[in-house]
Amino acid sequence: MDKKRRVLRIAGVLAVAFAAGHLVETMKKPVPAGAWVSAQSNSADTATPEAVLAASGLPLSASLAADLRVSQVTGITSVAATTPDSTVTQCTPTLGLVALPGAMLDLSITAPCHRGERIVIRHAGLNFTARVSPEGKVSLELPALESEALVTAFLRDSEVILASVSVPDVAEVQRFVVQWSTADVFDLRISEGDRIYIGTRESRNRSGTQKIRTFGDLLADQPLFAEVYTYPADPDIPVEIVVEVTVTPQVCGRSITAETILSSSGLVEVTAIPVTIPACDAAGDILLLKNLAPAVKIAAAN
């Protein structure tokens, strides 16, 4: 019985060896260009590669079905390279905009890989700096200046995110903006009927219903600031707009530029105003710039 088993085992090994040798000779034959390579041999009596491998107990391999030689290999493409990078996806910043009553915009930025960084926010000529919070977010309410409000945020390494939203209420609003690029220089002073409103440093980046909204971060590199005033809804209320310029050691004796923006029914006009600051012995004084804004032309809503 043992002798018979040994003979059968030897015969099986020889059969496998013969079939494998025949497969190698078959694979050496050239394959016509553009043709599919079949795993089936030309002879119906010859075992297929699958049968040979099955008989030998080895796993099937698709690579054996083609006439592939090592000398023909020009490169290897990693499958992992085509897999989306989860780190990049998690770092992608986003900007969201929602139109609020009173022609306001609810702006929200999520930038988890830009924590603490300076960003510049722009809308219809309005520019100011902000900083991403330690949680990777920026949230604020922004007065809309155009009916089709487009807001853009510029991050580090020239990365840009943007969003837009329709703001029909802008047609009923008139707004005046003063903006500048030097810290702590300009402030709006508004006489509205028998009331006076003054833009202050302390109100920057606050949300709420204050008449003058101020934007800009003092601690950001190369800060940009802006103050936005919304005219009263009643056109019979007299309005006087004055821009106060504080003489500081940083700007005294220099010529600086302030920009004003008038948004009337969604139409925007931007004007650059050169301002010559007195000598440094006048540090602490305040200059009053009048007649920078035209008279109210429409009834505006807050």
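This briefing describes the disulfides of the structure and the surroundings of one glutamate. The model is predicted: local features need pLDDT of at least 70 and side-chain atom pairs count only at pLDDT 80 or more, whereas totals for chains, interfaces and linings use all residues. Residues are numbered from 1 along each chain as its sequence is written, and side-chain values use heavy atoms, with hydrogens and water left out. The structure holds 2 disulfides, a disulfide being a pair of cysteine sulfur atoms within 2.5 Å. With bonded cysteines counted along the chain, the pairing pattern is 1-2, 3-4.

**Disulfide Cys91–Cys113**

- The sulfur atoms of Cys91 and Cys113 lie 1.9 Å apart and form a disulfide.
- This disulfide is left-handed, because the torsion about the S-S bond of Cys91 and Cys113 is about -60 degrees.
- The pair links distant parts of the chain, 22 residues apart: Cys91 belongs to helix H3 (residues 86-91), and Cys113 to the loop between strand S2 (104-110) and strand S3 (118-123).
- Helices (H or I, at least four residues) and strands (E, at least two) are DSSP runs, numbered from the N terminus.
- Cys91 is partly exposed, at a relative accessible area of 24%, and Cys113 is also partly exposed, at 33%.
- In these terms, buried means under 20% relative accessible area, exposed means over 50%, and partly exposed lies in between (1.4 Å probe, protein chains only).

**Disulfide Cys252–Cys280**

- Cys252 is joined to Cys280 by a disulfide, with an S to S distance of 1.8 Å.
- The torsion about the S-S bond of Cys252 and Cys280 is about 75 degrees, so this disulfide is right-handed.
- Cys252 lies in the loop between strand S13 (239-246) and strand S14 (255-264), and Cys280 in the loop between strand S15 (267-276) and strand S16 (286-289); the pair therefore ties together parts that are 28 residues apart in sequence.
- Cys252 counts as buried, at 7% relative accessibility, whereas Cys280 is partly exposed, with a relative accessible area of 45%.

**Surroundings of Glu192**

- Glu192 is placed in strand S9 (residues 186-192) and counts as buried, at 10% relative accessibility.
- The side chains of Glu192 and Lys211 make a polar contact at 3.2 Å.
- A polar contact is a pair of N or O atoms within 3.5 Å; within protein, one must be able to donate a hydrogen and the other to accept it, and residues adjacent in sequence count only if both atoms are side-chain atoms.
- Leaving aside residues up to four places away in sequence, Glu192 touches Tyr197, Lys211, Tyr229, Thr230, Pro232, Ile237, Pro238 and Val239, where contact means heavy atoms within 4.5 Å.
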